[in-house]
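Subject: Structure handover

Hello,

Here is the structure for you to take over. Please open it first, then read my notes below.

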Amino acid sequence: MKVEIEFDSAWKEGFLERLEQDGPWSSWDLYQLCLEVSKRLSVPDFYGLQAPNHLPHLTPLPHQLEVAKQVVEKMNGKAILADEVGLGKTIEAGLILKEYMIRGLVKKVLILVPASLVSQWVTELNEKFFIPAVQQKKSYVWEQCDVVVSSIDTAKKSPHREMIYQQNYDMIIIDEAHKLKNNKTKNYEFVQNLKKKFCLLLTATPIQNRIEEIFHLVSLLKPGHLGNAAYFTEKYGKMRSLHADEHLKALVNKVMIRNRRMDTGIEWSKRNVETIVIEFSEEERELYNAVQSLKNISFGNQFSLITMLREVCSSREALFVTLKNMLEKHDGEAPPYFNELIGKINAVTKNAKAEKALELIQSINDKVIIFTEYRATQLYLQWFLQQHGISSVPFRGGFKGGKKDWMKELFKNKVQVLIATEAGGEGINLQFCHHVINYDLPWNPMRLEQRIGRVHRLGQTNDVYIYNFAVKDTVEEHILKLLYEKIHLFERVIGELDDILAKMELHHFEDYLHDVFFNSRSEGEMKIKMENLTAMIDFADNLNKGGKTYAAT
Amino acid sequence: MQQHEIHHFLERYLRANQCEIVENGDGYLMTQLTVDMDKELMNRPFYWHYIENTGGTPAPMKLTFITKQTKETEKLKGERLHFGSPRLHQIFQSAQKRGSYIRLYENIQPSGQPFVPLQPWLGLNVKVSYQCDRKRDFLLSLGLHLISGTIIEQFQEQLQQLELTPKIPDYCFTITPLIKPQSGILRLEQYMKNMIQQDDHSWADEALKRWEEDLALLDRFYEETDEKPECYYIEKASLEEQYKPSIRVSIMNGGLFYLQPRPNVRK
């Protein structure tokens, strides 16, 4: 066939100008450097991946490279990436995007993700892939920035919607694409009307309930690939699973890649979990009881009371900070119980947990991360360990990027212990460390999972040790024993729980727990409520596992 | 691009732009930027605006580039460069921008002959891209003799054998082109057109086939709808953008070269 040849005239104009004005001319050295750069940046082959050469600090796993290659070479840049949770779909998407950008086939990109993941996507693309992605904050961003990350809820609303439709996107990436399984929704319609030259849909659960879901997803990507709606319903509508029809399965697999954990051949290192129950000292116990007895007098809100109980389990310093803040709120006029509590705080002379931690750190004799919920505890621990000749560095979510890296480097090369208050989804990998002490526990299983995920993730080659501290006969022990251990939190693969909780649509986990603890009239009632909660999680878990068998393999 | 190649590239880039190399160590380079290069690389227009308006003493930055991880460079404060890093990419762009246009003369040692005529050549280095939903590039280097119209390939390689200088050497004079540079460019474009047309274009046939397949699927998807919805047309347009084969030729750099007459080039 005859292909149109287009000559770029940009150079010619500059040349004629210089002829007229007799210069300026480059030096022979610069001329040769320019040519060398052109050689380096040209892509010699239609096939293969260029991106890894541009990302020497990133070591993608074999299955991730395979996915990227397949999407570019065989799927023409339109695909559903449906790996199971935790296999790195974001990395795959980043590799594919980078590849197209290097080849000059993609410039303008729209990335739609759940609101909670926007900043994480921006950071990952910038830091791991050197792709200058920008979070959509102002409306001019749509027009002026090439790679924009936004939530779909923002994007579909006016005036954003209209502005987006005016842009000429080369690539659309949609994370958590299973939310588009229903073709009757506004989201679906919005995405359907986007121009999709290249398109990636990311989901760990391409089919949750009905076979039509895959039809709708595929039809967004490549309308007609599974026929039209009438044809599909007639032919496959009664099926519950993709396995039932080889032809359909083969068709779907032309546009969808799904890796399973067991197929990737990646060996997950072992995770050893140990619960360490700690006995309060007499003075600590008295303090705890004193706080608990506030429940009987009319005391502010339940939230602060339970927070205070949790603080006692961490350190007297943590409680003290809260009391001080309360005093300020009362304009310095102390509530009646105040002095009593301060007296009890002063009576505490040792921290049973800290002593246990010290003993443990000394016996581990290797890098350890301590997670605590409270900054006061963090400071105390740093001081306490220092008294015993162990130096440590602090780590907080609020640290700026450079400080984070610096602390990480110090931990890696200089000190034994890192004391962190926030695991955050902020993507620091601490895989060189294999011991984690959960000094106190967050009341949100996702945050606990994130903590563990800092060290136990793909690529960790050593076994990982997790030590969970809980003070006997306190709220802390209840949470650990009645909730976290019951739902096998510590044995789960990272990411699994997220799926389960998403299915339960349990958004305010912490509030729910507070309610259980505060409003139960007896320990028996509290235990029953906790059992109900774990039963619900179990149920959602089974549903999930059942659901997965519908998916293509 | 290997790390030592990056190091070598930086060294030449800085020298070519008159930046002093303060220290050239194993795996690192310290350089004092010139004012010009500070403006080019450091992106601080407000500083320069301020200095120029207040008449302050300009203080262009000193930079350290680290090209290899060693015990020594680990302790160094500096920018770590590797292929794909934004800073190196910026330097690449700068090199491309600064090395686009040239005019050189062959340097000739004076011999018995009193006046040596230098003949004009138009030299172009060109990138050709074959593009559909995939892409591949290749480079061409062509030289056009602006007297006879003779075209030779791998021109750049031949230039690299010669000693070239930006000033016309003593005892030499240049011959005025018979072919104007502007029409010279057109001649080379025509030459490339012929060359490209003779190439194997099965890649384009295959892309066309993929395009037709997807178009057929799309039509089937909407076959039962009498009036096609807007998204049908959006999708159709995006298939064209995705698959339509095209060839793009862009000139990377080029210029005029005045060379001694060569026996293998007919006049």
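In which helix of chain A is the place of A:Glu477? A:Glu477 sits in helix H22 (residues 475–484) of chain A. Helices (H or I, at least four residues) and strands (E, at least two) are DSSP runs, numbered from the N terminus.

Before going on, some ground rules. This is a predicted model: local features need pLDDT of at least 70, side-chain atom pairs count only at pLDDT 80 or more, and totals for chains, interfaces and linings use all residues. Residues are numbered from 1 along each chain as its sequence is written, while chains are lettered from A and ligands numbered from 1 in the order in which they are written.

**Around A:Glu477**

A:Glu477 counts as partly exposed because it has 17 C-beta neighbours inside 10 Å. The cut-offs: a residue is buried if 20 or more other C-beta atoms lie within 10 Å of its own, exposed if 12 or fewer, and partly exposed in between, with C-beta atoms placed from the backbone. Leaving aside neighbours within four places in sequence, A:Glu477 is in contact with A:Val277, A:Ala470, A:Val471 and A:Lys472. Contact means that the C-beta atoms of two residues, placed from the backbone, lie within 7 Å. A:Cys313 is 164 residues away from A:Glu477 along the chain, yet their C-alpha atoms are separated by 9.7 Å.

**Chain A overall**

Chain A has 25 helices and 14 strands. Its C-alpha atoms fill a box of roughly 90 × 70 × 45 Å, taken along the principal axes. Of its 553 residues, 39% are buried. Take the contacts in chain A between residues at least 6 apart in sequence: 76% of them join residues at least 24 apart.

The chain is divided into domain 1 (51–257) and domain 2 (271–279 + 347–548). Such bounds come from an automatic or database domain assignment. The centres of these two domains of chain A, taken over C-alpha atoms, are separated by 33 Å.

**Two covered strands**

Strand E3 (residues 109–113) of chain A is mostly covered, with five of its five residues buried. A:Val109, A:Ile111 and A:Val113 lie on one side, and A:Leu110 and A:Leu112 on the other. E3(A) pairs in the parallel sense with strand E5 (residues 147–151) of chain A over five bridges. Two strands pair if DSSP finds at least two bridges between them. In E5(A), A:Val147 is the bridge partner of A:Val109. Four bridges join E3(A) to E6(A), also parallel. There, A:Ile173 in E6(A) is the bridge partner of A:Ile111.

Strand E13 (residues 435–438) of chain A has both faces covered. A:His435 and A:Ile437 are buried on one side, A:Val436 and A:Asn438 on the other. Three bridges join E13(A) to strand E10 (residues 368–371) of chain A, in parallel. A:Ile369 has A:Val436 as its bridge partner in E13(A). Four bridges join E13(A) to strand E14 (residues 464–471) of chain A, again in parallel. A:Ile437 has A:Tyr467 as its bridge partner in E14(A).

**Chain B**

The domain assignment gives chain B domain 1 (3–98), domain 2 (104–201 + 247–259) and domain 3 (202–244). The centres of domain 1 and domain 3 of chain B, taken over C-alpha atoms, are 48 Å apart.

Chain B has an open sheet of four strands in the order E1-E2-E3-E4, with mixed pairing. Strand E1 (20–25) and strand E4 (79–80) of chain B stand at the edges, each with a single partner strand, so one side of each is left without a neighbour in the sheet. Strand E3 (residues 62–66) of chain B runs parallel to E4(B), joined by two bridges. B:Phe65 stands opposite B:Glu79 in E4(B).

**Where the chains meet**

69 residues of chain B are in contact with 59 residues of chain A. On chain B, the side touching chain A divides into 31 nonpolar, 17 polar and 21 charged residues. Strand E1 (residues 5–7) of chain A pairs in the parallel sense with strand E11 (residues 246–259) of chain B over three bridges. A:Glu6 stands opposite B:Arg248 in E11(B).

**Confidence**

Chain A averages a pLDDT of 86, and 91% of the residues score at least 70. pLDDT is the predictor's confidence in each residue, from 0 to 100. Over residues 547–553 of chain A, pLDDT stays under 50. Where pLDDT is low, the predicted coordinates should not be read in detail.

Best wishes

Technical notes:
Ala, Val, Leu, Ile, Met, Phe, Trp, Tyr, Cys and Pro count as nonpolar, Asp, Glu, Lys and Arg as charged, and the others, Gly among them, as polar.
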